[in-house]
Amino acid sequence: QSMARITVPVHFDTLGDKTTAQSYLAACEEAIAGWIDYVVFEISGLAPAADGLRDALRALEPFAGALFLRLGSRFDDPAILVEDGVRSIGIDLGGGARGEGEMLEQMNRFAERIRPLDVRSHVYGLRSLGMAVAAVRAGFDYVGGDATGFDPETTDFLAKAIDLGRRFGQA
């Protein structure tokens, strides 16, 4: 059975500071009770050493149907992040003035590193349908960015996603 999920982004620093973490978790306890199966927490802003990650994951587990990690484009070793409870590890290619060629290289390097791990993967910041198709072909489980997002020029909020599906089916 498939059900929609709500992704709640949370910066690692929010969970790394005891005072902030206590306030945040108290708010989660109040707001998320009864909705846990529908909530995916996505932790961003991880430092390369990932110190304190296990504690952050354990703190969020009671409130989450799933836990995702979002890494910056310069994060080198996703293997150190594989922990019980982490469903997907992803990379954010958005921001910066890099060209699509450089972004595709980074995306493919990340896909190669994540493939042997027992975890799903996701990629954000995809600017074009070609990049989205390349991400699916590289093995990413979830893709996102301008290429798949809402187009305000149309009333069809699924237009870009449907176009992606058509392009992938024809390629």
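A21, L25, C28 and I32 are the buried residues of helix 2 (buried means under 20% relative accessible area, exposed over 50% and partly exposed in between, with a 1.4 Å probe and protein chains only). They share one side of helix 2, because the arc they cover around the axis is only 60° (the arc is that of the directions from the helix axis to the C-beta atoms). This is a predicted model, so local features need pLDDT of at least 70 and side-chain atom pairs count only at pLDDT 80 or more, while totals for chains, interfaces and linings use all residues. Residues are numbered from 1 along each chain as its sequence is written, and side-chain values use heavy atoms, with hydrogens and water left out.

**Overall layout**

- The protein has six helices and six strands; helices (H or I, at least four residues) and strands (E, at least two) are DSSP runs, numbered from the N terminus.
- Along the sequence, the pattern reads β-α-α-β-α-β-β-α-β-α-β-α.
- Of the 171 residues in the protein, 36% are buried.
- Among contacts with a separation of 6 or more, 58% are between residues 24 or more positions apart (contact means heavy atoms within 4.5 Å).

- The six strands make an open sheet with parallel pairing, in the order 1-2-3-4-5-6; two strands pair if DSSP finds at least two bridges between them.
- The edges are strand 1 (6–11) and strand 6 (142–143), each of which pairs on one side only.
- Six bridges link strand 1 to strand 2 (residues 39–44) in the parallel sense, and P9 sits opposite E42 of strand 2.
- Strand 2 runs parallel to strand 3, with four bridges between them; F41 has L67 of strand 3 as its bridge partner.
- Strand 3 and strand 4 are also parallel, joined by six bridges, and here L69 partners I89 of strand 4.
- Strand 3 is mostly covered, with five of its seven residues buried.
- S44 belongs to strand 2 and counts as buried because its relative accessible area is 16%.
- Setting aside neighbours within four places in sequence, S44 touches V10, H11, F12 and R70.

**Helix 2 (residues 18–32)**

- The 15 residues of helix 2 should span 21 Å at 1.5 Å a residue, and the 20 Å between its end C-alpha atoms agrees with that; the expected span is 1.5 Å times one less than the number of residues.
- An α-helix has 3.6 residues a turn, so residues three or four places apart point the same way.
- The cover over the buried residues of helix 2 includes helix 1 (12–16), strand 2 and helix 3.
- The C-alpha atoms of E29 and P62 are 8.6 Å apart, although 33 residues separate the two along the chain.
- Just after helix 2, G34 has a positive phi of about 90°.

**Helix 3 (residues 53–60)**

- Helix 3 lies across strand 1, strand 2, strand 3 (66–72) and strand 4 (86–92), at about 160° to strand 2; axes are lines fitted to C-alpha atoms, for helices over the stretch in contact, and angles run from 0 to 180 degrees between N-to-C directions.
- Buried in helix 3 are L53, A56, L57 and L60. Their arc around the axis is only 100°, so they sit on the same side of helix 3.
- These buried residues pack against strand 1, helix 1, helix 2, strand 2, strand 3 and strand 4.

**Aromatic pairs**

- Rings of Phe, Tyr and Trp (its six-membered ring) pair if their centres lie within 6.5 Å; planes under 30 degrees apart count as stacked, over 60 as edge-to-face and the rest as tilted. That rule gives four aromatic pairs.
- One of them is F110 with F140, which is stacked because the ring centres are 6.2 Å apart and the planes stand at 5°.
- F110 is in helix 4 (residues 100–114) and F140 in the loop between helix 5 (129–138) and strand 6, so the pair ties together parts 30 residues apart in sequence.
- Both F110 and F140 are buried.
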